[in-house]
Amino acid sequence: MPGTARPASPRFGLAAVVLALLPGLGGAGAASGLETDQFFAWGRHLEDMTEVLNARVNLELERLVAELNREGRDRRCQKVRFRFFKRHRMLFFDGFETWSVNSPLVSRSPSGSEEMREFEQKYIYGGTSPLFDTGRWMPPSPTVEVDGIRLGTDKLTHFLGTAWYYHRWYRKARARGLTPAEAEDRAARRGLQHEITILGRAVSGVLSLADLEANYEGMWFYEHLCAGDDPHIVYDGGGWRLRRPFDLRHYVTPEWDESWQPNIYVRRKWRKVKPRMLGYCPMLEHPQVRARRQEYAKRDRVTETEKLIDEMVAAGKLPDPSGFSIESVCREAAN
C-alpha cells in the first residue's frame, strides 16, 4: 500500500486522463490487497475516478489492438480475450489494481502517512491476527470512487482477473449446448463455490458478495470484448480496431460497496469484525453517508448474484447476509 499523499483539492479532468495514457505510470509497486474496508472512507472526500480508470483500460485495449495487428496472428475472439487477460495479469493480482494503488492520479482512501496511521487503528479487520488471518497476509485494498459508488481496488482484480475464469466456465457450458441463461447460471454457481471454499470463506472467513458481483460483471465484459452486437474491438478484414471505448459505469453497481452489500462471515471472524463495525454506527447520521446510501437505494436492484445467495440462504447453506449489515449491527446494539 503506497503512502503517497495526494495534493490538496486535486482536479482529475482531461489532463488526468491524458496523463493516465502516458507510459511508465503503472505496473511496479506494492502488491495488491485481499480485504477492503469501505467504512473507513465514510465522510471522507474522494474524487470520482471513472475517467482515469476508463483511460487506463482503454489504453490497454489500444495496445492490444496494436499488438494483434502487428503480429497478424490471432483472429479468434476467445484467443483475443485471453490475450487481454494475460497482458495485465501479474503473479497473484491484476496489474490494473496494482497500478490503481500506486498511481498519483488515483484518489483513494487511505492515502498518505497520517491517514494510514488512522486506518491502522480503525481497520475493520484490525482485530484479527495478522499471523493466522490469511486475509491480512497482504496489504488491504484502498477505497476509490467510480460513478458515485465506493469500492475497494480489489474489485478491479475481480473484474478483470477472476472474471476471466467465470467467462471460461460460461463458454465451456455454451459449447456443451447449454442456453445462455443456463451457462450464466453454471458459471455463477461454480464461482460461488470457489469463493465459499478455496478462495474466500473457508480460507479468510469472509464471503464477499461484492467480489461475486464484480466477478459476474467482468464475465460479461469478456463476453462482449470482441463479440456480440456491441463489442469493444472488432476484426473488419483489414485488421483489429477499437470500435467503442470501455466505460466502467456500465458495470459498477452499489453492490460493489462492501459497506452497502454486507459480507457473510464465519463465526470466528465475525466476533472480531462486529465490535469494529459498531464504531461506525454514529456515522450513519453523517450527511454524506446518508446521502450516498439514499442514492444507493435508488440505484439498487436485485442482481443475479443476490438471487443465487437468496437461494442458498433459503436452503440453509448460507447465513442471511442481512444479519451482517451495519444497520442490523447498530439496531441490535440500540435494543
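Tutor: Gladly! Let us begin with pairing: two strands pair if DSSP finds at least two bridges between them. Strands (E, at least two residues) and helices (H or I, at least four) are DSSP runs, numbered from the N terminus. Here, strand S1 (residues 143-146) and S2 run antiparallel and are joined by four bridges. This is a predicted model, where local features need pLDDT of at least 70, side-chain atom pairs count only at pLDDT 80 or more, and totals for chains, interfaces and linings use all residues. Residues are numbered from 1 along each chain as its sequence is written, and side-chain values use heavy atoms, leaving out hydrogens and water.

Student: How many residues lie between S1 and S2 in their hairpin?

Tutor: Two residues separate them, and aspartate 147 in this turn has a positive phi of about 55°.

Student: Which way do the side chains of strand S2 point?

Tutor: In a regular strand the side chains alternate between the two faces of the sheet. In S2 (residues 149-152), Ile149 and Leu151 point one way, while Arg150 and Gly152 point the other way. All four are buried, a word that means under 20% relative accessible area, with exposed over 50% and partly exposed in between (1.4 Å probe, protein chains only).

Student: Which residue in S2 is the bridge partner of glutamate 145?

Tutor: That is arginine 150. Glutamate 145 itself lies in strand S1.

Student: Is glutamate 145 buried or exposed?

Tutor: Glutamate 145 counts as buried because its relative accessible area is 9%. A contact means heavy atoms within 4.5 Å; leaving aside residues up to four places away in sequence, glutamate 145 touches Leu46, Glu47, Asp48, Met49, Thr50, Arg150 and Arg292.

Student: With which side chain does the side chain of glutamate 145 make a polar contact?

Tutor: A polar contact is a pair of N or O atoms within 3.5 Å; within protein, one must be able to donate a hydrogen and the other to accept it, and residues adjacent in sequence count only if both atoms are side-chain atoms. For glutamate 145 the partner is the side chain of arginine 292, at 3.4 Å.

Student: Where is serine 107 found?

Tutor: Serine 107 is in the loop between helix H4 (95-100) and helix H5 (113-122). A polar atom of its side chain lies 3.1 Å from the backbone nitrogen of glutamate 47. Serine 107 is buried, since its relative accessible area is 0%.

Student: How many helices and strands does the protein chain have?

Tutor: The chain has 13 helices and six strands, and 54% of its 335 residues count as buried.
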